[in-house]
Amino acid sequence: MFKNYFKTAWRALLGSKTFSFINISGLALGMACSLLIFLWVEDERQVDRSVPGSAETYVVYEDLVSDGVPDAGYWTPGLLAGEIRRNIPEIKYASGFWDRDGERSVFEAGEKIIPFEYTCYADSDYFKVFNYPLLEGTAATALAGADDMAISRDMAEKFFGSPRAAFGKTIRYNNSRDFRVSAVFENLPANVSHQFEYLFNWTSLTDSVRWMLNWIYRGPNTFIRLQPHADAAKVEAKIKDFLTSYLADPKVGQGHRATLGLQPFDEMYLHSVFRNGKPAGGKIEYLQLFSVVALFVLLIACINFMNLATARSVKRAKEVGIRKTIGALRIWLILQFVGEAVLLTALAVILAVIMAVFLLPWFNQLTNKQIIIPFSSFSFWSGISGFMLLTGFIAGSYPALFLSSLNPVKVLKGSLRFSPGSLMFRKGLVVFQFAISVILIVSVLVVYQQMKLIQTTNLGYNKDNIIRFTTSGKLSGNLSPLLSEIKNIHGVVNVSDADGDFLGNYGHSGGGIDWEGKDPNLDADFATIWASGGHHGHPTALYFDLTKAVAALGRGDYSVSLVSEALPLVANARETEAALTAAERTLKARPLWNSLTIEVR
């Protein structure tokens, strides 16, 4: 009997090739789009979950109120990791971690000179907090000394041919300092949020960046691993006011009030937005949004499939009438139509998987991911099978129930009339389908307009004909010859160096800034870009002339004589002109230059 039903379903499929193609391809396209979105969502959900030890690891976040202004984030004082490790017995290991995002460094070993991205520093406990596989060295000695560094397998092979050959060797960093390879770790997987090729010892950071030793300055992340059976909630309560005593000294924490909290490390990537001092959202909101979009796309495809299946099945009313006349039971008619819908859905699933395989390389390029379809995963196939059966059942249930309820006498006499209720249901599905489609189309247009607005909005400076690139190694310490050579290139109008830009790559500083009438309890924090202020003989005026930056307050016509002895501060509209003027008198340039900006004709 089932064999006969299958033959009937197959013949019906082949007998209406155009209908079958439209129905199957429409459902397959919707399923392929949804499958790709769900694969991306699942890949995002797995970020940092594969990091060894992540389940027992927490990140410390700080809720800071500075001069009445609340702020919260993962930045913490550079001294925090060592202090909480010594004072909180429930904390087994603690490590600071600082990623100098965007900094490009040059390494030299023998005759090989290779640049690398992601300059990172970590405490000696880092490989105890995170159990990354070490190919050479141990977690206890990996970053024990100030001149120690840990490198990846890839970096070891590029310089020395193998991890074993790299262990104990010396690598020169930016032509300024030699480091010893004290450990070689396995290459990090793609789904790790903190990517790095090498790690420097924490002491090498505090030796060169002295503000790390001040409790009011924040920047690094602090990761901790608790003792077995330690209660995270109790530890969080214990460290909540940990910073109070360190900020109590007026010379250290005037105007600052900070509390600490804990968040599971594997939640950090998706829940990194803070509201009211607590993690309360982040990328998880995008995952939820795209999951809803995927469900809507799938729902549209299913409704379209159901409507076409229902419209086609009505033409088989006489077949149902004859089957009922010769004794067919209603349950068997229902199973027949549901089975035909499941067969169509199965073909659509196969086609959808094939489409997803072909579209995946383009999709990975679009999302900057390395997603693969987990064909070997039981959960993947069980989910696909469950979806196939559910879709087939839903799509086939309405035509099956509708046709199996028909009166065979009326069908065979040709006097069949559809009730307003049955027509209303189908019309409702069509209206619902088009409503969702219109909502999605309007949403896409709104997003497009927003992106267009971002791309065309006046940013306050001239971004046309500007080339920016970073420098490292020997160049960072002596840019004057390079600047002069670039200036002489035909087509170059101006050239300037700075340690940041207007796109968010800049530092924060408030120390040493004073002006008449300033509240002595105020510790202002300014976003700063350190440009050439005469240190290399290239005045900051070139930087403003080059970028055509608009001064919100103060003077916009910086002259060579004005900036030759002091570093002007670009302030936004929230700062006072008095502060701007005072900054010109008090700030001094520092020898940190790692960015060049060039204007060409």
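V106 stands opposite P115 in strand β5, and this pair belongs to the antiparallel arrangement in which five bridges join strand β4 to β5 (residues 112-116). Strands here are DSSP runs of E with at least two residues, helices are runs of H or I with at least four residues, and both are numbered from the N terminus; two strands are said to pair if DSSP finds at least two bridges between them. The model is predicted, so that local features need pLDDT of at least 70 and side-chain atom pairs count only at pLDDT 80 or more, while totals for chains, interfaces and linings use all residues. Residues are numbered from 1 along each chain as its sequence is written, and side-chain values use heavy atoms, with hydrogens and water left out.

**Strand β4 and its partners**

Two residues separate β4 from β5 in a hairpin, and in its turn G110 has a positive phi of about 65°. Strand β4 also pairs with strand β9 (residues 170-173), again in the antiparallel sense, over two bridges, and here F107 stands opposite Y173 of β9. Why is β4 described as largely enclosed by the rest of the structure? Strand β4 (residues 105-109) has four of its five residues buried, and it is therefore largely enclosed by the rest of the structure; buried means under 20% relative accessible area, exposed means over 50%, and partly exposed lies in between (1.4 Å probe, protein chains only).

N174, a residue other than glycine, has a positive phi near 50°, and N175, which is not a glycine either, has a positive phi of about 55°. N174 is buried, with a relative accessible area of 16%, whereas N175 is partly exposed at 34%.

**Two buried threonines**

T119 is found in strand β6 (residues 119-122) and counts as buried because its relative accessibility is 0%. Contact here means heavy atoms within 4.5 Å, and, leaving out residues up to four places away in sequence, T119 touches W98, D99, R100, E103, S105, Y173, Y198 and F200.

T222 lies in strand β12 (residues 221-226) and is likewise buried, with a relative accessible area of 1%. Apart from its neighbours within four places in sequence, T222 is in contact with Y58, V59, V60, T76, P77, L80, A81, I84, S95 and G96.

The table gives polar contacts between side chains, a polar contact being a pair of N or O atoms within 3.5 Å; within protein, one atom must be able to donate a hydrogen and the other to accept it, and residues adjacent in sequence count only if both atoms are side-chain atoms.

| Side chain | Partner side chain | Polar contact |
|---|---|---|
| T119 | S105 | 2.7 Å |
| T119 | Y198 | 2.8 Å |
| T222 | T76 | 2.7 Å |

**W75 in its loop**

The loop between β2 (69-73) and α3 (80-87) is the place of W75, which is partly exposed with a relative accessible area of 23%. How far apart are W75 and W98 in sequence and in space? They are 23 residues apart in sequence, and the C-alpha to C-alpha distance between them is 9.2 Å. When neighbours within four places in sequence are set aside, W75 is in contact with E62, L64, R218, G219, P220 and N221.

**The protein as a whole**

The protein has 20 helices and 20 strands, and 43% of its 601 residues are buried. Among contacts with a separation of 6 or more, 74% are between residues 24 or more positions apart. The accessible surface comes to about 31,000 Å², of which 60% belongs to carbon and sulfur atoms; such areas come from the Shrake-Rupley method with a 1.4 Å probe, and for residues only the protein chains shown count as cover.
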